[in-house]
Amino acid sequence: MRLFSLLLLILLTTAVFGQVNNPEFEVIAKKYEKEAWVSALESAEALIDNDKHRKSPEPYLWASMCFYEISKSEDQKIIDQYKLPMRDALKFAGKAASKDKNGDIVKDNQEYFDLMRKEGIAVAQAYEKEEDYRKASYTYKQLQEFAPNDPYIQFVKGVTDIRLSSMYEAEREIKASFPILEASYRNLDYVPDPISSPLLKPAVEYYADYLINNSFGDSAKTVLLSARVFFPLDENIKKKLQDL
């Protein structure tokens with residue numbers, strides 16, 4: 001596991017450092033390579049506060065990477081100092097993506113943004129287990145900042161908004177994402193995203209149950225017919241459809 005983390009660190013550092021020639025970014029890179037996460041974060045935040053660099057995506061990406069490493073710390077002093085480092089890692093990943101006007105930083109560091117999707121989904125699901133749907137919805141929204149084209153995240157965000165009775169938000173997210181998912185699964189060559197596709201099944205089942213329980217039978221049937229395309233062997237979905 002340690003070897004994997006080290007290899008990932010080398011890949012991420014090389015990817016980010018390879019995109020910049022600014023000596024101020026090199027200072028952060030060297031601190032990061034030495035695992036001086038807090039010091040590297042302070043350097044990144046100093047650049048973010050600098051008018052010269054505040055519009056550049058690189059300092060925000062470095063900050064995100066530092067917050068992610070800090071989130072894994074077992075040092076009590078660091079734990080006390082940084083209360084929600086994973087939330088900050090997601091926030092700064094989103095800011096990096098928003099500053100990345102030509103898309104190069106995201107593309108060249110896709111491994112890291114995929115890691116953030118995976119970690120962010122885990123955070124959101126932990127909130128869901130606690131039935132803290134407001135924080136879960138917020139986390140999915142954070143993920144959308146750097147993964148705006150992920151229909152699984154958008155759909156589960158909409159379903160989570162139903163739990164919060166935020167129906168306008170829910171309808172907008174579901175209407176935008178569900179047709180994309182349906183069209184994708186009807187393509188026999190489609191390969192579901194390994195990171196976010198596990199979100200689909202529980203979300204679509206909850207959505208169908210919500211429609212059934214609120215007497216939207218026709219809509220529920222439409223959703224379940226699509227769910228049969230998503231999960232053709234699932235007996236629970238098959239039974240829900242038969243019971244309508």
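Which residues does glutamate 69 touch, not counting residues up to four places away in sequence? The answer is Tyr32 and Trp37, where touching, or contact, means heavy atoms within 4.5 Å. This is a predicted model, in which local features need pLDDT of at least 70 and side-chain atom pairs count only at pLDDT 80 or more, while totals for chains, interfaces and linings use all residues. Residues are numbered from 1 along each chain as its sequence is written, and side-chain values use heavy atoms, with hydrogens and water left out.

- You'll find glutamate 69 in helix α4; helices here are DSSP runs (H or I, at least four residues), numbered from the N terminus.
- Glutamate 69 is buried, at a relative accessible area of 12%. For that label the area must be under 20%, while exposed means over 50% and partly exposed lies in between (1.4 Å probe, protein chains only).
- Lysine 72 joins glutamate 69 in a salt bridge, at 3.2 Å from N to O. The term covers a side-chain nitrogen of Lys or Arg within 4 Å of a carboxyl oxygen of Asp or Glu.
- Lysine 72 itself is partly exposed, with 41% relative accessibility.

**Helices α3 and α4**

- Helix α3 spans residues 37-48 and helix α4 spans residues 57-71; their axes come within 9 Å and cross at roughly 155 degrees. Those axes are lines fitted to C-alpha atoms, for helices over the stretch in contact, and the angles run from 0 to 180 degrees between N-to-C directions.
- That makes α3 and α4 roughly antiparallel to each other. The cut-offs are under 35 degrees for roughly parallel, over 145 for roughly antiparallel, 65 to 115 for roughly perpendicular, and oblique for the rest.
- On the α3 side, the contact includes Trp37, Val38 and Leu41, while Tyr60, Phe67 and Glu69 are among the residues that α4 brings.
- Sorted by class, this contact has 14 nonpolar, no polar and 2 charged residues. Nonpolar covers Ala, Val, Leu, Ile, Met, Phe, Trp, Tyr, Cys and Pro; charged covers Asp, Glu, Lys and Arg; the others, Gly among them, are polar.
- The crossing of α3 and α4 is left-handed, meaning the near helix is turned anticlockwise from the far one by less than a right angle (clockwise would be right-handed).

**Helices α11 and α13**

- Phe178, Leu181, Glu182, Tyr185 and Arg186 of α11 meet Val223, Ser226, Val229 and Phe230 of α13.
- By class, that gives 6 nonpolar, 1 polar and 2 charged residues.

- Arginine 54 pairs with aspartate 51, with the closest N and O atoms 2.9 Å apart. Arginine 54 is partly exposed at 32% relative accessible area, whereas aspartate 51 is exposed at 64%.
- Lysine 91 and aspartate 88 form another one, with the closest N and O atoms 3.8 Å apart.
- Lysine 91 and aspartate 88 sit 3 residues apart in helix α6 (residues 85-99), so about one helical turn separates them.
- Lysine 91 is partly exposed at 34% relative accessibility, but aspartate 88 counts as buried at 17%.
- Elsewhere, salt bridges that share partners link Asp114, Arg117, Asp150 and Asp193 into one network.

Technical notes:
Helices (H or I, at least four residues) and strands (E, at least two) are DSSP runs, numbered from the N terminus.
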